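Thanks for coming. I have one structure to show today, and I will go through it piece by piece. Please have a look before I start.

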Amino acid sequence: MSTTVDDLPSLCPSWAVSVGYLGVASAAILSNFGSAWGTWKAGVSLVHTGIRHPSSVMKNVIPIVMAGGIGIYCLFFAVFL
């Protein structure tokens, strides 16, 4: 006598998959929103630094690159989930 998947009782409620997809979607949306916000704030600081101290502009490019990298990493991680 063999059992099939239809014979076994369900281990999770029917709405559990929807909550999981909602979590993945919110992770992707919020992480990229945070990355965009960080890029914007770092860009504004880069512009102000360029006005006041033009010789140190290249030092302030690093936060913009890091914010973009975090956005790409979080998008990959959300898709991986």
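Is Leu-46 buried or exposed? Leu-46 is buried, because its relative accessible area is 19%, and buried here means under 20% relative accessible area, exposed over 50%, and partly exposed in between, with a 1.4 Å probe and protein chains only.

Before more of that, the ground rules. This is a predicted model, in which local features need pLDDT of at least 70 and side-chain atom pairs count only at pLDDT 80 or more, while totals for chains, interfaces and linings use all residues. Residues are numbered from 1 along each chain as its sequence is written, and side-chain values use heavy atoms, with hydrogens and water left out.

Now the overall picture. The protein chain has two helices and zero strands; helices are DSSP runs of H or I with at least four residues, strands are runs of E with at least two, and numbering goes from the N terminus. The chain has 81 residues, and 12% of them count as buried.

Next, helix H1. With 37 residues at 1.5 Å a residue, H1 should span 54 Å, and its end C-alpha atoms are 54 Å apart, so the two agree. The expected span is 1.5 Å times one less than the number of residues. The buried residues in H1 are Ala-28, Ser-31, Ser-35, Ala-42, Leu-46 and Thr-49, and they pack against H2, where contact means heavy atoms within 4.5 Å.

Back to Leu-46, which sits in helix H1. Not counting residues up to four places away in sequence, Leu-46 touches Val-57, Asn-60, Val-61 and Ile-64. Between Leu-46 and Val-61 there are 7.1 Å in space, C-alpha to C-alpha, at a sequence separation of 15 residues.

Asn-60 belongs to the loop between H1 and H2. Asn-60 counts as partly exposed because its relative accessibility is 22%. Leaving aside neighbours within four places in sequence, its contacts are Ser-45, Leu-46 and Thr-49.

Ser-35 is also a residue of helix H1, and at 8% relative accessibility it counts as buried. With neighbours within four places in sequence left aside, Ser-35 contacts Ala-67, Gly-68 and Gly-71. The C-alpha atoms of Ser-35 and Ile-72 are separated by 8.7 Å, and these residues are 37 apart along the chain.

That brings us to helix H2, residues 62-80. Its 19 residues should span 27 Å at 1.5 Å a residue, and the end C-alpha atoms are 27 Å apart, so this agrees as well. Which residues of H2 are buried? They are Ala-67, Gly-71 and Ala-78. These cover an arc of only 45 degrees around the axis, so they lie on the same side of H2; the arc is taken from the directions from the helix axis to the C-beta atoms. The buried residues of H2 pack against helix H1 (16-52). On the face turned away from that buried side, H2 carries exposed residues, among them Ile-62, Tyr-73, Phe-76 and Phe-80.

Last, the surface. Phe-33, Trp-37, Trp-40 and Val-44 make a nonpolar surface patch of about 470 Å², and of these, Trp-40 lies in helix H1. Patches are made of residues with over 30% relative accessible area and no salt bridge, joining like charges within 9 Å and nonpolar side chains (Val, Leu, Ile, Met, Phe, Trp, Tyr) within 5 Å. A salt bridge is a side-chain nitrogen of Lys or Arg within 4 Å of a carboxyl oxygen of Asp or Glu.

Definitions and conventions:
Accessible areas come from the Shrake-Rupley method with a 1.4 Å probe; for residues, only the protein chains shown count as cover.
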